[in-house]
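Hello,

Here is the structure I promised to pass on. Please have a look at it first; my notes follow below.

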Amino acid sequence: MALSIGRVYELEKEMDSVFSGLFGANWKEVNKAAVMKCDKATLTYLVLSAVRVMGNSKETLQSAAMSYEALTEEVMLHQNSVMELQDKLLKSKTEQMEAVQTTVKSEIRSFSDVVKKGCEERITATQVKAAVKSAVKDDDRRRAVMLFGLEESANEVVQDTVKDVLRVSCSTARLLVKDCHR
């Protein structure tokens, strides 16, 4: 018999109906004086009903005990699984931490090491000036121009229009327009 809460409630109702039918009260209110008033047939019925209810209760309690044992075993299996997963996670985190520590130890140098190596080569003022000049010389951004709001016609050559606008605005004849895009 499988355990069910419904079966427990059925047993409770059966027991209550036996006592209320015989004594007009629930089993908690039955006392010695009420039982002494019963005849032999009533007492026989009471004992047989009590035996039947106790037998059914025993079956239900056995089913409850088996269900409890099965659930306890299942919980223990799940707890073991959780512990194994926690152990794996802990090992993984430990390995990651060791890898980070190894990287930090091998890659990070102290400030004094950096300063010692950095001070071995002196940079002169002429080297800085040469670097700045080459950067400025190579910088084409100072010569790039964008024009917005320029009216265009269908047969117009954009490069000629751009040259005209730049001559008027810069007032110089030495303009070289290399490329134009719409």
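**Salt bridges**

A search of the whole structure, which is a predicted model, turns up two salt bridges.

One joins the side chains of arginine 52 and glutamate 14, at 1.9 Å from N to O. Arginine 52 sits in helix α3 and glutamate 14 in helix α1, so this pair ties together parts that are 38 residues apart in sequence. The two partners differ in cover. Glutamate 14 is buried, at 18% relative accessible area, because the cut-off for buried is under 20%. Arginine 52 is partly exposed, at 40%.

The other joins the side chains of aspartate 87 and lysine 91, at 3.6 Å from N to O. These two residues are four apart in helix α3, so about one helical turn separates them. Aspartate 87 is partly exposed, with a relative accessible area of 37%. Lysine 91 is exposed, at 52%, because exposed means over 50%.

**The fold**

The chain has six helices and zero strands. Its 182 residues include 9% that count as buried. Take the contacts between residues at least 6 apart in sequence: 45% of them join residues at least 24 apart. The chain exposes about 16100 Å², and carbon and sulfur atoms supply 59% of that.

**Helix α3**

Helix α3 covers residues 40-107, which makes 68 residues. At 1.5 Å a residue, α3 should span 100 Å. The C-alpha atoms at its ends are 98 Å apart, so the two values agree.

Which residues of α3 are buried? They are Leu46, Ser49, Val53, Asn56, Thr60 and Ser63. The cover over the buried residues of α3 includes α1, residues 5-23.

There is also a nonpolar patch on the surface, formed by Val47, Val51 and Met54. Together they have about 290 Å² of accessible area. Valine 51 belongs to helix α3. Valine 51 has 47% relative accessibility, so it counts as partly exposed.

**Confidence**

How far does the predictor trust the model? The mean pLDDT of the chain is 78. Of its residues, 81% reach 70 or more. Among the elements of the chain, α3 has the highest mean pLDDT, 87. Helix α4, residues 111-118, has the lowest, 62.

Best wishes

Technical notes: Residues are numbered from 1 along each chain as its sequence is written. This is a predicted model: local features need pLDDT of at least 70, side-chain atom pairs count only at pLDDT 80 or more; totals for chains, interfaces and linings use all residues. Side-chain values use heavy atoms; hydrogens and water are left out. The expected span of a helix is 1.5 Å times one less than its number of residues. Buried means under 20% relative accessible area, exposed over 50%, partly exposed in between (1.4 Å probe, protein chains only). Contact means heavy atoms within 4.5 Å. Accessible areas come from the Shrake-Rupley method with a 1.4 Å probe; for residues, only the protein chains shown count as cover. Patches are made of residues with over 30% relative accessible area and no salt bridge: like charges are joined within 9 Å, nonpolar side chains (Val, Leu, Ile, Met, Phe, Trp, Tyr) within 5 Å. A salt bridge is a side-chain nitrogen of Lys or Arg within 4 Å of a carboxyl oxygen of Asp or Glu. pLDDT is the predictor's confidence in each residue, from 0 to 100.
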